[in-house]
Amino acid sequence: MANKIYAFLGPHMSGKSTMVSQLMSMGIHYIPTVTTRVFDDRYAYKRRIYQSVKDPVYRDEKKNLIVDTGYQAQSYGLRKAEVLDAYKSHRISMVILHDVAAIKQITKFIHQDLVSIFLMIDDEVFVDRMLRAGCSNDEIRYYVEQAEELGEFDHWRDVDFVVKNTSTARVALEQILAIMGLVTLVPQSDFDILVK
């Protein structure tokens with residue numbers, strides 16, 4: 001079986017960082033995203049997923065990036081060496097991408113072995129998660145307008161799989177594990193015991 005890189009996409013608050021964090025805790029390799037964004041305490045958990053660098057440092061690294069995109073006035077990229085090393089060294093790796101342009105950039109190097117997964121949420125879940133994160137009405141309005149303007153809710157049309165992440169994180173995680181082939185069938189006798 002060929003090594004695979006699974007790319008997660010989705011609008012703000014769709015659960016990309018949450019899913020990646022949970023999969024990392026299970027031992028799945030993650031290729032960090034380099035960004036000019038600095039995460040405040042509200043999003044402190046993202047500091048282990050993203051490598052924040054100052055804008056001049058990011059510009060210096062551009063020649064080493066396999067993916068280089070912008071999102072909400074910030075730059076996001078993946079280092080070519082890290083992606084290719086992960087592809088060679090790990091059966092399964094993960095990345096977070098912020099738009100479909102990033103898919104096109106990375107597929108130039110690992111076309112048939114990239115699997116894209118869109119985390120879909122509805123408007124109600126989007127607003128609820130923003131409120132629980134402590135966002136103001138103005139911030140929510142801004143993110144909704146940005147998502148609509150950039151067509152973020154429509155990126156599901158350009159991916160391999162869609163996982164609707166409107167229930168619990170566990171439900172979405174189980175679907176992702178199935179897509180990754182990380183579930184096993186149990187013998188019928190064990191199954192019979194499980195369902196009784």
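Two strands are taken to pair if DSSP finds at least two bridges between them. The model described here is a predicted one.

In the open sheet, 5 strands follow the order β2-β7-β1-β8-β9, and their pairing is parallel. Strands β2 (29-30) and β9 stand at the edges with a single partner strand each, so one side of each lacks a neighbour in the sheet. Within this sheet, β1 (residues 4-9) pairs with β7 (residues 92-96) in the parallel sense, and Lys4 has Ile92 in β7 as its bridge partner. Helix α4 (residues 100-110) packs on the sheet, where it touches β1 and β8 (114-120), and its direction makes about 165 degrees with that of β8.

Strand β6 (residues 74-79) is mostly covered, since 5 of its 6 residues are buried. Strand β3 (residues 33-35) runs antiparallel to β6, with Val34 standing opposite Gly77; strand β5 (residues 65-71) is also antiparallel to β6, and there Leu65 has Arg79 as its bridge partner. In the hairpin of β5 and β6, which has 2 residues between the strands, Gln72 takes a positive phi near 50 degrees.

The bridge counts of these pairs are as follows.

| Strand pair | Sense | Bridges |
|---|---|---|
| β1 and β7 | parallel | 5 bridges |
| β3 and β6 | antiparallel | 2 bridges |
| β5 and β6 | antiparallel | 6 bridges |

Asn165 is found in the loop between β9 (161-164) and α7 (169-179). Its relative accessible area is 4%, and because buried means under 20%, Asn165 counts as buried. Leaving aside neighbours within four places in sequence, Asn165 is in contact with several residues, among them Ser14, Gly15, Met120, Arg129 and Ala172.

Methods. Residues numbered from 1 in each chain as written. Predicted model: local features only at pLDDT ≥ 70, side-chain atom pairs only at ≥ 80, totals over all residues. Heavy atoms only, no water. Buried < 20%, exposed > 50% of the residue type's maximum accessible area, 1.4 Å probe, protein only. Helix = DSSP H or I, 4+ residues; strand = E, 2+ residues; numbered from the N terminus. Contact = heavy atoms within 4.5 Å. Axes fitted to C-alpha atoms, helices over the stretch in contact; angles between N-to-C directions.
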